[in-house]
Structures are given as C-alpha cells and as structure tokens.
There are 2 protein chains.
Amino acid sequence: MYNIAGRFPVLKVELMNINHGTRRQSVVGLILTRLFNGEYAPGARLRVEHLAEQCDVSVTPIREALVELAGFGVIKLQPNRGAEVSPFGPKQLWEICHLRRILESEAVRGCVGHFTPSELEQMEADFARLSTADRDEDWLEETKLLDNQLHSLISERCGNKRLSYEINRYAVLYRTLRDARHSMRTARSNYSEMDENLEHLAIVRGIIKQDREAAAEAMGDHVNQAGNALVQDLFGKQAIADADLDPYVAGQVTPTEAL
Amino acid sequence: MYNIAGRFPVLKVELMNINHGTRRQSVVGLILTRLFNGEYAPGARLRVEHLAEQCDVSVTPIREALVELAGFGVIKLQPNRGAEVSPFGPKQLWEICHLRRILESEAVRGCVGHFTPSELEQMEADFARLSTADRDEDWLEETKLLDNQLHSLISERCGNKRLSYEINRYAVLYRTLRDARHSMRTARSNYSEMDENLEHLAIVRGIIKQDREAAAEAMGDHVNQAGNALVQDLFGKQAIADADLDPYVAGQVTPTEAL
DNA sequence: TTAAAATTGATTATGTATAATATTGCGGGC
DNA sequence: GCCCGCAATATTATACATAATCAATTTTAA
C-alpha cells in the first residue's frame, strides 16, 4: 500500500490507516482534540453525516463515538435532536481538574499500606534525586516517566477498581488536554516552573508516613498545580479570573486560601 | 394501532412501545437490571445479535447501549472481541457506593453558602419533623420525596457542573440498584431501620453551620448507611465479609473505625 | 387585525436491514 | 511446537424507512 498522504484534506488524513475495531476511539479522540482546541462554538450541533464525511468513516462509528463523548459530558445527546457541544472554557477545564483532584486524592488515601518498603524507598529516592538534579532533556524525560508511573501505581493500588477505572477515564480527557496544550503558542517550554518532583515527593512521603490526609492533600496540591499550568497555557494568564468560579472551587485553586 | 401485548415472550414485551429516540436508554436499563439481578455470569459474552433478538430491536441501538454500558464500567468492550460483563458482587457494589460517597461528599462541601436562610430553615424543619413523626405510608412517601429533593439540590448547587453531571451519572446505577432490590425476597420492608431523616438532618445542619467537613462527613455516613442496606438486601447479611474489601474502604463502611 | 394554532415541507436523527470486510478462535494437519 | 483454513462473530459500510424537529406558512379564532 502506498502512503497517499497529501491527496486528501488534512482533516481526513488524521483518521486514515486506523486499525479495524478502533474507529470509534479514533473519532472520540479527534472530536475531543477539536473541542479542547476551541474549534467548536458552545451549543454547536454535531451532524452525524457531516462528521462521517470529515473523518472518512461511515456514520456507524460516528454515532457510537457520540455516545461515548456524551458519557464524558463534553456533548449533550438529546433524543431526536442529536448532539450539541457543551461549553468548554477555563471554568469547564477547572471543573475537570476538580474531578481529577477528587478522584486521585481518594485513590492516594486508599493506596496507603499497599506498597512494599522497598518500593517506597525507591520512589522517594527517585523523586528526591530528580527534584534537585540539573534540568535537561533527560531529566524531563525521566520526570514524565516517573510521573506516569506514580499516578498509575497509585490508581492500581487504591483498593477500589471502580475508582481506578474512573481515574483512567478522566486520564483520557487529561491526556488530550495536555496534547492540545502543545499546539498552543503560549505553551510554556522551559523547566523553571516545574516542581512536579517535589510535589510527588510530598505525596510519597505522605504514603510512607501512612498519613492519608497528608498524602491526599499533597496529591490535591499537585493536581492543582498541573491544572493551573494547563489553564494558563490553554487560556492565558487571566483565565482564572475569567473562569468565574465558585468561591469554594476557586479557593481550592490556591490551596493556601482554601484550607 | 392495537396493543398486541401478550403475543410475544416476556423479554420482548419489556422493550415494546418505547418511544422513538430512546431505544438505547431502554436497552441500557434492561441490561443494567439484568446485571444487578445476577443474570449474567462474570466474564459472560454479550453477543450483539443475541441481544437484538431478545430486545426486539436492531443491532444499532444495541451497540450504542454497549458503548454506554462500557462507560459505566459494568462491561468491558474489547476491540474486535465484543463485550464481556465485568464481575458484579458485594465488592463491586461497595465500590459503587464508595464512588457515590466521594462525589456527593464533595458536592456537599461545595454547596455550602449556596442556599438562602429560608431554604435551610425549611429543610431543617422538614427533616426534624419527619425524623420523629409516626411512620406510615405517607411518611415513607414524604421521606423519599425529600430525599430526592435534598440530593438533587445539593448536586445542583455544588458549584461544579461536571461534579453534578457525574453524580447524576451514578444516580442511574443507583436507581437501578434500588429497583433491583425490590425484586429480591430479602428486601426489608419495615421502617424500623430507616434513619434517613436523621442523617439528612445532620447534613443540613452541617450546611447551616457552614462547616464543610461536618456536612461532608454526615453525607458520607448517609451514603454508607444507604449502601449498607443495599448490600444486605442484594447479597445477604454476611455480604460485607464476603466482599473482601480493602481495609481502608472497609473501614469506611463502619465510619467509627475509619476515622 | 392580530395572535394563536395547525399545516406543510425540508432537514436531520433514529432505526432497520443487509452485505462486505476484518478479526478471532479453534481444530486439523504438518 | 507451528501454520493454514474455516466458522463464528465483530465491525464497518451502505441504503433505506420511519419519525421527530424546526421554520415558514396558512388557517383559525378572539
């Protein structure tokens, strides 16, 4: 088979050569990306035939994708009226982060006591080392790797498979958001503001001390920091003010005020 | 048109005469009910054509329903391999309750400060009255009504539409579970063990005192009590032991031990 | 005359049916 | 063990039937 990229508009190429049995997932990813990139106006109608044409697939996977997207709460599926995209702005992004904070904080509470001492020693040593190490490409790579490892380990060991499932469900949204950030020109590319390793260290030390609340609070701080970066990259500096958040939720944004 | 009910087997009648545009929802409800009633062995395969025949609908709504059910985490959708039902037992039921506790506790934290004094006075008076009133049919009716009102009001006012959305998503599971309970012969029908109104009163008083943690804890207790009743009705007295829960999660079952 | 209600027709969603294609899983042969 | 073919099933594509929505228009009623 020849790679005939270039013969079709960009939109179609995005979904070409996808494996059989994964069309729905691809369409979900595509629409999520577009949504998070602000390509849809709030309330816009998603017409099935239109999407099918754009994605170069038949309507069947499109309709299934819409059901899944409705499950994510990013579109509303009204009977006999089709799909309407829900608003997505700083406020909605903060709400996603809030949910993630709720879920992952509880997961870290649950995972206390589910690690071996050597696992904990290893993690503490790694994050301590990375938090003071010189910051270069390799450092960034290892930071990302250990970030993923820590979060998935906490989710796996939290003792509640459903909680773990919901965390992974939100990870789909979160990963798409991170990817969307890269396509924004405002995305920060320097390492100066990254204190991930310190935040992770606090989480691990909470687990080591068997102090559920300390670990949960550290996780909350960490998720907030990540959310903060995300909001600023996607919507700019004053996005937090624009979000017009509820005082309690907004308070959580800057944990010192909230607690 | 004639009503020709009776000409078809029971299973088909269940879904007959459903409105256009709501087939998927009906199928979701039917499969959830079956699952919670223990009609599917863990790991059982759900074949699309088979379900289509049973539900007397075509395969399209069936497949869409499976996508939605996969979103609920009650089945697993493997590419090219179809749907496999996830295990459902006391442990999984507790996990659902755990999630509900997480979500609704956070909602009640968020809703503090979003009620008018008169609303709060009214709610406190209602729950105080019902908690000491004679228990008859009317009492049960009003108790249920105010239960629904309180929970949906808290969800609406929590200040986070996504959190509200997730709570309502879980309410689908929860309502189906409550309905499934009625079909079990072990379901409790007396009013003696119902302290809902007292639990609700504690929640409302927490909100009145603007004490987020007190209100959240009261909500946690309340959801635990409801979960306890559900587990016992669906799986019997020693179901909690059978559930083989993680100590932290199990601890939450009996809040006094957990905190 | 004007406002409400019913009607019409275009558009789109939803559901059905069927066929084409791809994948899986199994069993037989090597 | 491995490979090949085959049946079962999932997935996708396509065409069509039905039903609902929406807007424009006509009709009806006050």
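Of the atoms of DNA strand D within 4 Å of the protein, 91% belong to sugar or phosphate. The rest belong to bases. The model is predicted: local features need pLDDT of at least 70, side-chain atom pairs count only at pLDDT 80 or more, and totals for chains, interfaces and linings use all residues. Residues are numbered from 1 along each chain as its sequence is written, chains are lettered from A in the order in which they are written, and side-chain values use heavy atoms, without hydrogens or water.

## Residues around the strand

There are 20 residues around DNA strand D, each with a heavy atom within 4 Å of it. R23(A), S58(A), N80(A), R81(A) and R63(B) come nearest. By type, five are nonpolar, 10 polar and five charged. Here Asp, Glu, Lys and Arg count as charged; Ala, Val, Leu, Ile, Met, Phe, Trp, Tyr, Cys and Pro as nonpolar; the others, Gly among them, as polar.

Helix α4 (residues 59-72) of chain A gives the largest share of this surface, three residues. Helices are DSSP runs of H or I, at least four residues; strands are runs of E, at least two.

## Polar contacts

A polar side-chain atom of S58(A) lies 2.4 Å from a phosphate oxygen of DNA strand D. N80(B) uses a polar backbone atom, 3.2 Å from a phosphate oxygen.

## Chain A overall

Chain A has 13 helices and three strands.

Technical notes
Polar contact = N/O pair within 3.5 Å; in protein donor to acceptor, adjacent residues only side chain to side chain.
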